[in-house]
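Hi,

Here is the model I promised you. Have a look at it first, and then read my notes on the helix packing below.

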Amino acid sequence: MTDAATGGPARPPLEAAAGRQRGSSRLVALLALPAAAWYVLMLVAPLVTTVVISAGERGDQGGFVPQFTFSAYAALLDPLYAPVLRTTFILAVGGTVGCFLAAYPLAYLLATRGGRRRTLGLILVVIPFWTSFLIRTYAWVTILSPNGLLNGGLGAVGLPPLDLLNGPVAVYIGILYNYLPLMVFPIYVALERLDPALVEASKDLGASRWATFRQVTWPLTLPGVATGVLLVFVPLTGEWVIPSILGGGKSYYLGTFMANQVTDSRNWPLGSAAAVLLIAVMLIVVAVYLRLVGREGLQREVSLL
Amino acid sequence: MTASPSSNALPSRAVGPSDRATPGRTAGRGAVRRRVDLVEAYLRAHGAIAYLFLYVPIAIVVLYSFNDSRYVLVWGGFSLRWYQAAWTDPQVLNPLKTSLIVAALNMVCATTLGTLAALAIVRAPRLVRLAFDALIYTALIVPEVVVALASLLFLNSAFGFLGDVGVRLTFGIPTIVAGHVLWNLSLVILVVRARMAGMDRSLIEASQDLFASPWRTFTQVTLPQLAPAILAGALLSFTFSMDDVVLSTFLSGVGSTTLPMRVFSMIRFGVTPAVNAISAVMLLLTLVVIVVSQWLVRRAGRPSPAAEATSG
């Protein structure tokens, strides 16, 4: 039916096939049922539970009392927790911008100067991304710890040591390291799909390289940038592993804060409210993305991963 | 001075979309050319630094895994002692066993359910397809910690409720697997569906025209064509479990510590060089599995020779 809808050249036999398939609609439902049940049990029900808990209040022994107050959301806006929201926002925006600044020139280099080696270049960007996220984050502990390799190197050339581990700089490095490929892929794809004739035309009409980039290349690669922003920004708002390992595990970011509320502090409504906030942010970002780029963009870029 | 020396400045450069400047055009534009060369130099430096940034940390972990010293960061000569230490430590081996069980269960469940769902979704009505799409992408894009905590809260409430009616369930390997399957289900559906989009329909129709039963068509025509994508999905699911910390941490129970969870706590509470050895092995394992699965996906992504022959 999908193929018939897209209007492939082989229309009549497909319609016949579609007719045959319509007869087996019960089989289709049966095949999709286990997966649908899984989504309902492990995604929809948990998210609904979270929303319900976020509206309740904390019980005396932790847990929650079902209620219809929004005190947890009010608490989230309390000056006590405001720094968490602020640093998380700065982290997500800063991490996304950092990834973009590092990724665009790299993707541009690969797509326009790569030549025959462009595939190899892209694979070399992908390989670290394929390997363990945890280990890649840990690798920076070795480098940034007080008596780590960075300070060893600085000491060797007579510079004072830096105390970067368990601080924001280490977290930013970890983010850049882990999320960079997610920004490179979509931008690379956009650059590769760019019709060289357009760039040629711009040059033939006398535009400078910079004008060509600004007026032709950049606008046409914006959808790729948007996909990269989506893929980096949304997971970053809830990043937990990197702050736990490189940031000292303190409640400075929403992801770690949320986890601490649910597990250690046993303040479920507050943790749930934070989770609902993250889901709301995600929905807004996705809605804006779908408006600007459309559905195909994501399907195309995700397929590369 | 003519343009020839500067146009040869980057002789190995392939013709890309934005540079096909002919010698005649760049002649007499010395200042512009110099600025252009600066841009080139910057791009190259940026690329070099990016690759160093990506590979040096991994190289350091692998290198130091062969370090004989008791201290993580002091080089004491080449040795395999930390590999041996990790391999004989029950604190490492038991989590490894748990991880392998979780990974195997996750792989089987996610691949089976995902493949069945992918087969069903393409034949489903538009509205059902859209609903599935929403679920598939939501599962992938929601920050993992949100899914993990939401599942923890839901399962905790559900288990409490079931306990009241006499059904005792606790957190452990099954709950970790349940969480992992959610994520990998989406992955398998996407990979298999991508393969189905590139599949040769005419073979299925030929099979049907030759009066093969739907089951026979499926096992002898559809399934062999989907096999590489299914296998790739399975391998990716397996690696996910061997690597995941977030879902595992929040959905585990007493005695169901996975290897990444163990490594995570080793990193947070005092690093021993054994971590480097485990890390090096995990890097190698994930790398091998992923390279194989990507190779399968790439191969699967290409139209089959038969499809090329018929469409040509």
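Predicted model: local features only at pLDDT ≥ 70, side-chain atom pairs only at ≥ 80, totals over all residues.

Helix α7 covers residues 133-144 of chain A and helix α9 residues 168-193 of chain A, and they pack at about 140° with axes 10 Å apart. That angle makes α7(A) oblique to α9(A), as under 35 degrees is roughly parallel, over 145 roughly antiparallel, 65 to 115 roughly perpendicular and the rest oblique. On the α7(A) side, F133(A), R136(A), T137(A), W140(A) and L144(A) meet A170(A), I173(A), Y177(A) and N178(A) of α9(A) (contact is heavy atoms within 4.5 Å). By class, this contact has 6 nonpolar, 2 polar and 1 charged residues.

Residues count from 1 along each chain as written, chains are lettered from A and ligands numbered from 1 in written order, and side-chain values use heavy atoms, without hydrogens and water.

Now α5 (residues 82-113) and α11 (residues 209-237), both of chain A: they pack at about 135°, axes 9 Å apart. So α5(A) is oblique to α11(A), and their crossing is right-handed. The contact of α5(A) with α11(A) has 14 nonpolar, 6 polar and 2 charged residues.

Cheers

Note on methods. Axes fitted to C-alpha atoms, helices over the stretch in contact; angles between N-to-C directions. Helix = DSSP H or I, 4+ residues; strand = E, 2+ residues; numbered from the N terminus. Left-handed = near helix turned anticlockwise from the far one by under 90°. Nonpolar A, V, L, I, M, F, W, Y, C, P; charged D, E, K, R; others polar.
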